[in-house]
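Welcome! Here is a short briefing to read alongside the sequence and the 3D view.

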Amino acid sequence: QVQLVESGGGLVQAGGSLRLACAASGRIISINAMGWYRQAPGEQRELVASILSGGSTNYADSAKDRFTISRDYAKNTVYLQMNSLKPEDTAVYYCNVRGRSFNLRNFDVWGQGTLVTVSS
């Protein structure tokens, strides 16, 4: 069983920065992709950024030039550095990890979500 623990959300003023972290634990053989999604009230969940096992990254247009996703392979942890935050970035941010566990089954798990609130 794979578990994710997220941290780093909170309240910040517009223009400020936050760093989110998501640590995966359990019987993990390999991780194929790690990503951050967000869901604002009344909106659908959307991809913010993702990073593949080889290190390639993908960003939503709204996140480009402001957010940076990175990964610590040794710790099975993914980070999202968010700079120049805007009120429209306010949402619950969810971590997603896909990979393979020791029972040779693929997994696709979500974190519990962490709230990011950006005040104007």
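Glutamate 6 has cysteine 22 in β3 as its bridge partner. This pairing belongs to the contact between strand β1 (residues 2-7) and strand β3 (residues 18-26), which run antiparallel and are joined by six bridges. Please keep in mind that the model is predicted. The points below start with this sheet and then move on to the core, a few single residues and the aromatic rings.

- Alanine 21 is found opposite tyrosine 79 in β8.
- Strand β8 (residues 77-82) is in turn joined to β7 by six bridges, and these two strands run antiparallel. Here isoleucine 69 faces leucine 80 in β8.
- Put together, the strands make an open sheet of four, in the order β1-β3-β8-β7, with antiparallel pairing. Because β1 and β7 stand at the edges with a single partner strand each, one side of each has no neighbour in the sheet. From one strand to the next, the twist averages 15 degrees.
- As background, strands of a sheet pair through backbone hydrogen bonds, either parallel or antiparallel.

**A closer look at β7 and its hairpin**

- β7 and β8 form a hairpin, with four residues between them. In the turn, asparagine 76 has a positive phi of about 50 degrees.

**The nonpolar core**

- In soluble globular proteins, nonpolar side chains tend to be buried together.
- The largest nonpolar core of this model has 30 residues, and Trp36, Leu80, Met82 and Tyr93 touch the most other members.
- What does methionine 82 contact, once its neighbours within four places in sequence are left aside? The list is Gly16, Ser17, Leu18, Leu20, Arg66, Phe67, Tyr93 and Val116.

- Threonine 114 is in strand β11 (residues 114-119). Threonine 114 has a relative accessible area of 11%, under the 20% limit, so this residue counts as buried. Not counting residues up to four places away in sequence, threonine 114 touches Glu6, Gly8, Gly9, Leu20, Ala91, Val92 and Tyr93. Between threonine 114 and serine 53 there are 24 Å in space, C-alpha to C-alpha, and the two are 61 residues apart in sequence.
- Serine 50 belongs to strand β5 (residues 46-52). Is serine 50 buried or exposed? Serine 50 is buried, with a relative accessible area of 15%. Beyond residues up to four places away in sequence, serine 50 touches Met34, Gly35, Ser56, Thr57, Asn58 and Ile69.
- Asparagine 58 sits in strand β6 (residues 57-59). Asparagine 58 is partly exposed, at 39% relative accessible area. With neighbours within four places in sequence left aside, the contacts of asparagine 58 are Leu47, Val48, Ala49 and Ser50. Isoleucine 69 is 11 residues from asparagine 58 in sequence, and their C-alpha atoms are 8.8 Å apart.

**Aromatic rings and a nearby charge**

- How many aromatic pairs does a search of the whole structure find? There is one. The pair consists of tyrosine 37 and tryptophan 110, with 4.9 Å centre to centre and 65 degrees between the planes. Since an angle over 60 degrees counts as edge-to-face, this pair is edge-to-face.
- Tyrosine 37 lies in strand β4 (residues 28-39) and tryptophan 110 in strand β10 (residues 106-110), so the pair links distant parts of the chain, 73 residues apart.
- Tryptophan 110 is partly exposed, with a relative accessible area of 39%.
- The charged end of arginine 45 is placed over the ring of tryptophan 110, 4.7 Å from its centre. Arginine 45 also lies over the face of tyrosine 94, at 3.7 Å from the ring centre.

Technical notes: Residues numbered from 1 in each chain as written. Predicted model: local features only at pLDDT ≥ 70, side-chain atom pairs only at ≥ 80, totals over all residues. Heavy atoms only, no water. Phe/Tyr/Trp six-rings, centres within 6.5 Å; stacked < 30°, edge-to-face > 60°. Buried < 20%, exposed > 50% of the residue type's maximum accessible area, 1.4 Å probe, protein only. Lys NZ or Arg CZ within 6 Å of the ring centre and 35° of its normal. Pairing = 2+ DSSP bridges. Core = buried A, V, L, I, M, F, W, Y, C linked by side-chain atoms within 4.5 Å. Contact = heavy atoms within 4.5 Å. Axes fitted to C-alpha atoms, helices over the stretch in contact; angles between N-to-C directions.
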